[in-house]
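Q: I am new to this structure and would like to learn how to read it. Could you take me through it step by step?

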Amino acid sequence: MQETEAVWLVRVQNGDQQAFTHIVEAYQKPVYNLCYRMLNNAEDAEDAAQETFLRAYRSINQFDHSRQFSTWLLSIAAHYCIDQIRKNRMTIISLEDQPNQEIPDKLPGPESTLSKREEQDRMRLLLEKLNPTDRAAVIMYYWYNYSYDEIAQSLSLSESAVKSRLHRARKEMARLWISQQNKLIPAERKRYESPVF
Amino acid sequence: MNHQFFETLLLSDTKPTDDEAVILQEHLVTCDTCRQLSNALSDMEVMFHNSALASPRPGFTQRWEEKLALDTEKRQRRQVVAIAIISACSIAALLLLLGFALWPIFISPISVLWAKLINFVSWFSAVEAALDVVSTLLRVTYSVVPASLWIALSVAFLGLCAIWVVAIKQVISPRRLAL
């Protein structure tokens with residue numbers, strides 16, 4: 001894969017647009033996922049992912065072959081999404097007001113779909129509360145298993161900054177998770193309690 | 001009780017040492033706050049790690065190719081517009097400068113041509129007067145200086161020329177240049 005990717009990259013740098021199509025094919029899922037987790041909206045994520053590939057294609061000659069291509073590509077996506085979030089901060093609609101946009105679920109059955117959807121909602125709420133750069137760091141850490149160094153490179157931060165951002169993000173998310181749990185438990189109880197009581 | 005130490009341990013990405021792990025476990029049995037934090041962190045990690053990558057709608061690559069084609073077209077159009085604007089601005093600036101230069105002719109062409117003619121005639125008479133002065137000076141000098149002095153001056157001049165030519169030859173000789 002790495003070898004083929006290197007060949008594609010060289011071909012793209014020599015002006016072969018078709019070779020970049022292979023790259024789009026190979027990286028569409030990770031790029032889209034990052035954009036989706038960052039922007040919490042399928043339509044915006046699609047636009048952001050398309051824009052990421054466009055920017056990558058336009059600046060492919062600046063790509064340094066000593067770096068990993070995926071890190072470079074995700075770095076473009078993360079920066080673009082951070083900019084979008086900052087731009088839209090004034091007009092952003094709260095997630096609670098948005099219709100539920102689900103990720104295709106491979107597991108059949110209404111119960112699993114429901115629990116998946118609830119899980120997605122919880123995850124979105126957790127991520128939404130983080131600031132854009134912390135959110136990008138969390139996504140890269142948990143979904144892509146990036147090291148601190150890779151996250152630092154992608155987000156143009158120092159390694160220590162990444163560590164402290166992740167520490168802060170985990171703390172913030174855990175606090176939210178606990179408050180969500182506390183809200184959920186009485187609601188669950190109410191649902192199953194007899195009206196007599 | 002100070003939770004800070006345990007909180008840092010729980011939130012840290014590095015694995016605690018055996019001693020730290022023992023102390024932490026003992027603390028978690030007695031402390032509700034830290035136990036809640038620990039449970040929340042582990043639940044969250046499980047949820048994140050189990051969460052699949054979101055996929056775009058089918059046909060993403062095709063849509064990207066369409067977008068690239070549109071973007072390329074837009075860029076080309078923008079370039080053409082930019083070149084047209086720059087050319088128009090340059091032409092406008094040239095016309096403006098030309099207009100400033102030719103403005104008097106447009107206002108009164110006859111008076112401008114008349115002024116140019118007078119200018120030319122005055123230049124011509126000035127050159128004629130200068131030539132008169134130079135020829136008079138030459139004639140006076142020739143009559144004042146004796147013939148023997150003229151010969152001496154000519155010989156001296158020719159000698160200096162010969163020395164100059166020899167010196168130049170010496171300087172540019174290939175042997176000297178090779179050194």
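A: Gladly! Helices and strands are DSSP runs (H or I, at least four residues, for a helix; E, at least two, for a strand), numbered from the N terminus. This is a predicted model, in which local features need pLDDT of at least 70 and side-chain atom pairs count only at pLDDT 80 or more, while totals for chains, interfaces and linings use all residues. Residues are numbered from 1 along each chain as its sequence is written, and chains are lettered from A and ligands numbered from 1 in the order in which they are written.

Q: How many helices and strands are there in chain A, and how many in chain B?

A: Chain A has eight helices and zero strands. Chain B has seven helices, again with zero strands.

Q: Where does N40(A) lie, and what is its phi?

A: Most residues other than glycine have a negative phi, and most peptide bonds are trans. N40(A) is not a glycine, yet its phi is positive, about 60°. Look for N40(A) in the loop between α2 (17-39) and α3 of chain A.

Q: Is N40(A) buried or exposed?

A: A residue is buried if 20 or more other C-beta atoms, placed from the backbone, lie within 10 Å of its own, exposed if 12 or fewer, and partly exposed in between. N40(A) counts as buried because it has 20 C-beta neighbours inside 10 Å. Now try S156(A), in the loop between α7 (148-155) and α8 (159-192) of chain A. S156(A) also has a positive phi, near 55°, but S156(A) is exposed, with 11 other C-beta atoms within 10 Å.

Q: How many residues of α6(A) are buried?

A: Nine of the 12 residues are, so α6(A) is mostly covered; among them are T133(A), V138(A) and Y141(A). The expected span of a helix is 1.5 Å times one less than its number of residues. Helix α6 (residues 132-143) of chain A reaches 16 Å from its first C-alpha to its last, close to the 16 Å expected.

Q: How do I describe two packed helices, such as α1(B) and α3(B)?

A: Two packed helices are described by the angle between their axes and the distance between the axes. Axes are lines fitted to C-alpha atoms, for helices over the stretch in contact, with angles from 0 to 180 degrees between N-to-C directions. Helix α1 (residues 4-11) of chain B packs on α3(B) at about 10°, with the axes 10 Å apart. Angles under 35 degrees count as roughly parallel, over 145 as roughly antiparallel, 65 to 115 as roughly perpendicular and the rest as oblique. The two helices, α1(B) and α3(B), are therefore roughly parallel.

Q: Which residues bring the chains into contact, and how many come from each?

A: Two residues are in contact if their C-beta atoms, placed from the backbone, lie within 7 Å. Chain B gives 25 residues and chain A 29. On the side of chain B that touches chain A, α3(B) gives the most, with nine residues.
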